[in-house]
Amino acid sequence: MKKLMMAFVFLACLAVLSGCMYPESERAKNETPYEESLISVQNAVNQYRGATNGLLPIKTRDMEVDQFIKYPIDFAKIVPAHMAEVPDNAFETGGIFQYVLMDVEENPTVKLVDLRIAEAIRSVNIRKSANGGQVPIAETLADNVYKFNYKAMGINEEPVVVSPYSGTNLPMVITGSGEIYIDYSIDLYSAIQKYEGELKEGDDIRFLLYEDSPIVPAYSLPYTINKDREPIFKTE
């Protein structure tokens, strides 16, 4: 009887552990930017274009929206006609990535938006709304770009997001119109050091981040370089 009871407890514990492990494995699956998924979606996009005389399988967005989220892929247009199913890591199936197209005029290329960044910004916007839409300014970083006083907003720790490029914590900034953005200066500085091509003052250098990465720097302001080849906000 005692052995039977011990066996029962062991099986019960195993069941609990299995239940805990499964969501973790599912979460890992939904948070990984699989290369094969990108290739499958890219092939489906290309097939769709070939079948529709060059049309793109995208959702309609306001043309004033951030260029990195302007052309989200509409999976209803390519599944199941051009690919079997929507990728596990896509937002539409519970994943954390929004599949988008870049360079739509010359070479429509599938990229990813990490939606955890959007969620982090949303959390700050909720706090901003709780403060009546007011955001205390702590420091001016550039023309119309500011570091905000998060403590005065009732936030205990500085809001950051984990960089999809370096794993570094990236801070947030705010514009005069109250829009919150991610500051990619740290990643851009590293990218500039490695880049062997020509960079000109006034050019938007954010391509350095996604040129060799599947993830685009969404929810960011334009950046350029100064005379010392350092990243700065590109202001009007």
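This is a predicted model: local features need pLDDT of at least 70, side-chain atom pairs count only at pLDDT 80 or more; totals for chains, interfaces and linings use all residues.
Hi everyone, and thanks for coming.

Let me begin with helix α2, residues 35-51.

Ser-37, Leu-38, Val-41, Gln-42, Ala-44, Val-45 and Tyr-48 are the buried residues of α2. Looking down the axis, you find them within an arc of 160°, so they line one face of the helix. The covering over these buried residues includes strands β1 and β2, the latter being 109-114. On the face turned away from the buried side sit the exposed residues Glu-35, Gly-50 and Ala-51. And if you like backbone angles, look just past the helix: Asn-53 has a positive phi of about 60°.

Next, helix α4, which covers residues 185-194. Which residues of α4 are buried? They are Asp-187, Leu-188, Ala-191 and Ile-192. Viewed down the axis of α4, these buried residues fall within an arc of 135°, so here too one face of the helix is lined by them. Their packing partners are β6 (169-175), α5, β8 (223-225) and β9 (231-233).

The model has 5 aromatic pairs. One of them joins Phe-68 and Tyr-210 in an edge-to-face arrangement, with 5.5 Å from centre to centre and 75° between the planes. Why does this pair tie together parts that are 142 residues apart in sequence? Because Phe-68 belongs to the loop between α2 and β1 (97-102), while Tyr-210 belongs to helix α5, residues 207-210. Both Phe-68 and Tyr-210 are buried.

Last topic: empty space. Rolling a probe the size of a water molecule over the atoms shows where such space is left. How many cavities of 30 Å³ or more does the structure hold? The count is 1. The largest cavity has about 30 Å³ of space. Around the largest cavity, the lining is made up of Lys-147, Phe-148, Tyr-150, Glu-158, Pro-159 and Met-172.

Conventions: Residues are numbered from 1 along each chain as its sequence is written. Side-chain values use heavy atoms; hydrogens and water are left out. Rings of Phe, Tyr and Trp (its six-membered ring) pair if their centres lie within 6.5 Å; planes under 30 degrees apart count as stacked, over 60 as edge-to-face and the rest as tilted. Helices (H or I, at least four residues) and strands (E, at least two) are DSSP runs, numbered from the N terminus. Buried means under 20% relative accessible area, exposed over 50%, partly exposed in between (1.4 Å probe, protein chains only). The arc is that of the directions from the helix axis to the C-beta atoms. Contact means heavy atoms within 4.5 Å. On a 1 Å grid over the protein atoms alone, a cavity is a set of points where a 1.4 Å probe fits but cannot get out, and a pocket is an open set with protein on both sides within 12 Å along at least five of seven lines; lining residues have an atom within 4 Å of a point. Grid points are joined across faces, edges and corners, and a volume is the space filled by probe spheres set on the points.
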